[in-house]
Amino acid sequence: MKVAYIFATQRHTVSYVLGKMILPQLEENRHGVSVVGMFFFEDNNYVLVDGNPIGARLHKVAKEQGILLMGCDQCCYEREIAAKLFPGIPIGCFPDLYKALSGNMPDQVITL
Amino acid sequence: MAENAPGLCCSASQRLTVGELFERGLRRNREQELSILGTGVESVDGIYARFSLDVVEGQVAGVGFRVTTCTALVAYAEYIAELMPGLRLEAARELSATKLVEVLPDVPAFRRDRAVLAIAAFRSVLLAAESDQYA
C-alpha cells in the first residue's frame with residue numbers, strides 16, 4: 001500500500017510522530033507501507049528549513065526512497081522561510097501537490 | 001528582508017514580503033475592476049492575470065487586478081498595484097519582471113515565471129490606457 005502524509009496539526013506532530021516514529025521506521029525500512037509523499041502545513045514547515053536536524057534525516061531518506069516532500073507555499077512565505085528550505089524541496093498548494101503525486105498516487109492520505 | 005513600502009497603516013509600515021503582499025492582494029483581487037481594462041494573459045498551465053487602471057491626466061490613479069490565486073502571482077500583482085499610483089504611464093512601463101523578482105527574493109526560482117506573466121498583463125493595460133489617452 002502507498003500512503004501520503006499531510007502534517008496539518010502542530011505541537012508534537014513533527015518532533016514526535018515524524019521524528020520518533022515514522023522517520024526511524026523509514027530509515028530502518030520497516031514502516032510497513034510505501035510513503036510516496038509528505039506535505040507540511042503551518043509551523044510544521046520549519047522541519048524543511050535547511051539545517052534542521054530532523055529535516056536533514058528526512059531529506060536524506062526521501063531522496064533514497066523517492067518520497068515527495070512539499071511545503072505549503074503560503075505557510076512558508078508567511079514565515080519567510082520559502083527560500084531557506086533544503087535544496088530541491090518545492091513549495092506549493094493543493095494543485096501542485098496533486099500534480100506532483102499524480103504520477104505515483106497514494107492509496108491512502110493520512111492527515112496527522 | 002524586503003524594504004518597507006511607502007505609506008503607513010496604524011503607525012506600522014506595510015512590509016513588502018510575499019506573505020503580506022499576498023494578504024493585501026487577496027482583498028484587491030476581489031474588488032471591482034477599474035475603468036481601463038487590459039487584456040487577460042494566461043500561461044500554459046492555466047494561470048491567469050488581468051489588470052485594470054484608473055488614469056488621471058496621464059498619471060496612474062489606481063490599479064486593480066484579477067489573477068489566479070497563486071501566492072507568488074498575487075504578491076507580484078499587489079506589488080505593482082501598490083507601486084504604481086502617482087507614476088506617469090511612461091514611467092510605469094519601465095517596471096520589469098527582473099525588478100519584480102529582485103524585490104521578492106523569497107519566491108523560489110520555479111515560481112518566478114509569475115513575474116513575467118504579471119508584467120505582460122500589466123503592460124497590456126498600460127497600452128490600453130495609452131490608446132485611451134490619445135484616442
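Author: A nonpolar core is a set of buried Ala, Val, Leu, Ile, Met, Phe, Trp, Tyr and Cys residues joined through side-chain atoms within 4.5 Å. A residue is called buried when its relative accessible area is under 20%. What follows describes a predicted model.

The largest nonpolar core has 69 residues, and the members that touch the most others are Met38(A), Leu53(B) and Phe122(B).

The aromatic rings come next. Over all chains, a search of the whole structure finds 8 aromatic pairs. In one of them, the ring centres of Phe7(A) and Phe40(A) are 4.9 Å apart; their planes meet at 10 degrees, and the pair therefore counts as stacked, the cut-off being under 30 degrees. These two residues are 33 positions apart in the chain, with Phe7(A) in strand S1 (residues 2-7) of chain A and Phe40(A) in strand S2 (residues 34-40) of chain A, so that the pair links distant parts of the chain. Phe7(A) is buried because its relative accessibility is 0%, and Phe40(A) is buried with a relative accessible area of 0%.

A further pair is formed by Phe39(A) and Phe41(A), whose arrangement is edge-to-face: the centres are 5.0 Å apart and the planes stand at 75 degrees. Phe39(A) has a relative accessibility of 2% and so counts as buried. Together with Phe94(A) and Tyr98(A), Phe39(A) and Phe41(A) make up one aromatic cluster.

The chain around these residues can now be described. Chain A contains 4 helices and 5 strands, and from the N terminus its elements follow the order β-α-β-α-β-α-β-α-β. Its radius of gyration is 13 Å, close to the 13 Å given by the globule rule for 112 residues, so chain A is as compact as a globular protein of that length. Of these 112 residues, 49% count as buried. Among contacts in chain A with a separation of 6 or more, 76% join residues 24 or more positions apart.

Technical notes. Residues numbered from 1 in each chain as written. Chains lettered and ligands numbered in written order. Predicted model: local features only at pLDDT ≥ 70, side-chain atom pairs only at ≥ 80, totals over all residues. Heavy atoms only, no water. Phe/Tyr/Trp six-rings, centres within 6.5 Å; stacked < 30°, edge-to-face > 60°. Buried < 20%, exposed > 50% of the residue type's maximum accessible area, 1.4 Å probe, protein only. Rg over C-alpha atoms; globule rule 2.2 N^0.38 Å. Contact = heavy atoms within 4.5 Å.
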